[in-house]
Amino acid sequence: MKKYDVVALGELLIDFTVNGTSPQGNPVYEANPGGAPCNVLSMLTKLGRKTAFIGKVGQDIFGIRLRTVLEEAGIDTSCLVADDTARTTLAFVETFPDGDRDFSFYRNPGADMMLTEEEVDVAMLKDTEIFHFGTLSMTHEGVRNATKKAVAAAKEAGAVISFDPNLREPLWNSLKEAGEQTAYGLSQCDFLKISDNEIRWFTGVEDFDAGISKLRSRYDIPLIVLSMGKEGSRAYYKDIRVEAAPFLQERTIETTGAGDTFGGCCLHYVRQYGLHNMNRERLTDMLVFANAAASVITTRKGALRVMPGEDEIRELIGKF
């Protein structure tokens, strides 16, 4: 048995989300810990999994705070590096009436994009069952090289490679470059979590099933899960296609972290049953559980610090 269930590499940042208005009518922003890879790890840790994070923050008030938050969540921070010059990345999140979001990033540079190959701990990557990453750690050459070194080390050690494109257009020089790095991730992964807008963007196909079929004709990915927001989710595994309805709630206030929560729950099932031991029943249970967890997180501000536990998730499933 390896020491870690899941190790992730990528961005760790502060999401500033609106939480009311001041007496003068100005928006009041709350500093929520965020970053997709750590949101995924936080969900997994809440479900009892042993996790660790590889990344970089600034040696500033936000970076110090983020390290503390990860440690409080139970995520191993021994490979979280502090940068003396670059500041911790910040993201300001605008939430629309329907719960969708828009992001403004302060990352030019941000500490997360300054991670180097030399700072990647290969020993940790050899001691994990699953390695998870996304494209935000491939927007710039240095951190891109670090990410690819990590993927290669984990793959060589026999880890399941998990990938989430997590497209954030403002962080790329061009969508062409984003597509090239997404293609790299797709070529390496065994488990793919992709959203409805991402599958349409990457394949150019409107129909989800057709888009997934096009993807599978190019890349040998054993398990693909597709999040579709208010339409629920689907899983594609061998010749099995499973769909699960969403858990829509009137108390939903924003969708920040919902996809990461969903993805973390799916990885929990991959770790429980093994990538090659899935069947229709397990896939269905996985999607229902992941949809319910994602629904819970939409009723809360932020994600990393407020992930639901298994009892809470099962309770929501029971109510529906």
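The exercises below, each with a worked solution, concern a predicted model.

**Exercise 1. Helix α1 against helix α8**

Describe how helix α1 and helix α8 pack, and state which residues make the contact.

Solution. 
- Two packed helices are described by the angle between their axes and the distance between the axes.
- For α1 (residues 36-46) and α8 (residues 258-273), the angle is about 50 degrees and the axes are 8 Å apart.
- Angles under 35 degrees count as roughly parallel and 65 to 115 as roughly perpendicular. The two helices are therefore oblique to each other.
- The crossing of α1 past α8 is right-handed.
- On the α1 side, the contact uses Ala36, Asn39, Val40, Met43 and Leu44. On the α8 side, Asp260, Thr261, Gly264, Cys265, Leu267 and His268 take part.
- Sorted by class, this contact of α1 with α8 holds 6 nonpolar, 4 polar and 1 charged residues.

**Exercise 2. The burial of α1**

How many of the residues of α1 are buried, and which are they?

Solution. 
- Helix α1 is mostly covered, with 10 of its 11 residues buried.
- The buried residues are Ala36, Pro37, Cys38, Asn39, Val40, Leu41, Ser42, Met43, Leu44 and Thr45.
- Just after the helix comes Gly48, whose phi is positive, at about 95 degrees.

**Exercise 3. Helix α6 against helix α7**

Find the angle at which α6 and α7 cross, then sort the residues of their contact by class.

Solution. 
- Helix α6 (residues 196-203) and helix α7 (residues 208-218) cross at roughly 60 degrees, and their axes come within 10 Å.
- With this angle, α6 and α7 are therefore oblique to each other.
- The crossing of α6 past α7 is left-handed.
- Helix α6 contributes Asp196, Ile199, Arg200, Phe202 and Thr203 to the contact. Helix α7 contributes Phe208, Gly211, Ile212, Lys214, Leu215 and Arg218.
- The contact of α6 with α7 divides into 5 nonpolar, 2 polar and 4 charged residues.

**Exercise 4. Helix α4 against helix α5**

Are α4 and α5 roughly parallel or oblique to each other?

Solution. 
- Helix α4 (residues 141-156) packs on α5 at an angle of about 10 degrees, with the axes 11 Å apart.
- Angles under 35 degrees count as roughly parallel. Helices α4 and α5 are therefore roughly parallel to each other.
- The contact joins Arg144, Lys148, Val151 and Lys155 of α4 to Glu177, Gln181, Tyr184 and Gln188 of α5.
- By class, the contact of α4 with α5 has 2 nonpolar, 2 polar and 4 charged residues.

**Exercise 5. The nonpolar cores**

Identify the residues that touch the most other members of the largest nonpolar core, and follow the contacts of Leu283.

Solution. 
- The largest nonpolar core has 54 residues. Those touching the most other members are Leu12, Phe53, Leu70, Val225, Leu283, Met286 and Leu287.
- Helix α9 (residues 280-297) supplies the largest share of this core, 10 residues.
- Setting aside neighbours within four places in sequence, Leu283 contacts Leu223, Ala235, Tyr237, Ile240, Val242 and Met278.
- There is also a second, separate core of 42 residues, which includes Met138, Ala146, Cys189 and Met228.

**Exercise 6. Backbone features in loops**

Solution. 
- Pro109 sits in the loop between β7 (101-106) and α3 (122-125).
- Asn166, a residue other than glycine, has a positive phi near 45 degrees. Asn166 lies in the loop between β9 (160-164) and α5 (175-188).
- Buried means under 20% relative accessible area, and exposed means over 50%.

**Exercise 7. Thr17**

Which residues is Thr17 in contact with, leaving aside its neighbours within four places in sequence?

Solution. 
- Thr17 belongs to strand β2 (residues 13-21).
- Its relative accessible area is 1%, so Thr17 is buried.
- Apart from neighbours within four places in sequence, Thr17 is in contact with Val28, Tyr29, Glu30, Asn32, Val93, Glu254 and Lys301.

How values were computed
Residues numbered from 1 in each chain as written. Predicted model: local features only at pLDDT ≥ 70, side-chain atom pairs only at ≥ 80, totals over all residues. Heavy atoms only, no water. Axes fitted to C-alpha atoms, helices over the stretch in contact; angles between N-to-C directions. Helix = DSSP H or I, 4+ residues; strand = E, 2+ residues; numbered from the N terminus. Parallel < 35°, antiparallel > 145°, perpendicular 65-115°, else oblique. Left-handed = near helix turned anticlockwise from the far one by under 90°. Contact = heavy atoms within 4.5 Å. Nonpolar A, V, L, I, M, F, W, Y, C, P; charged D, E, K, R; others polar. Core = buried A, V, L, I, M, F, W, Y, C linked by side-chain atoms within 4.5 Å. Buried < 20%, exposed > 50% of the residue type's maximum accessible area, 1.4 Å probe, protein only.
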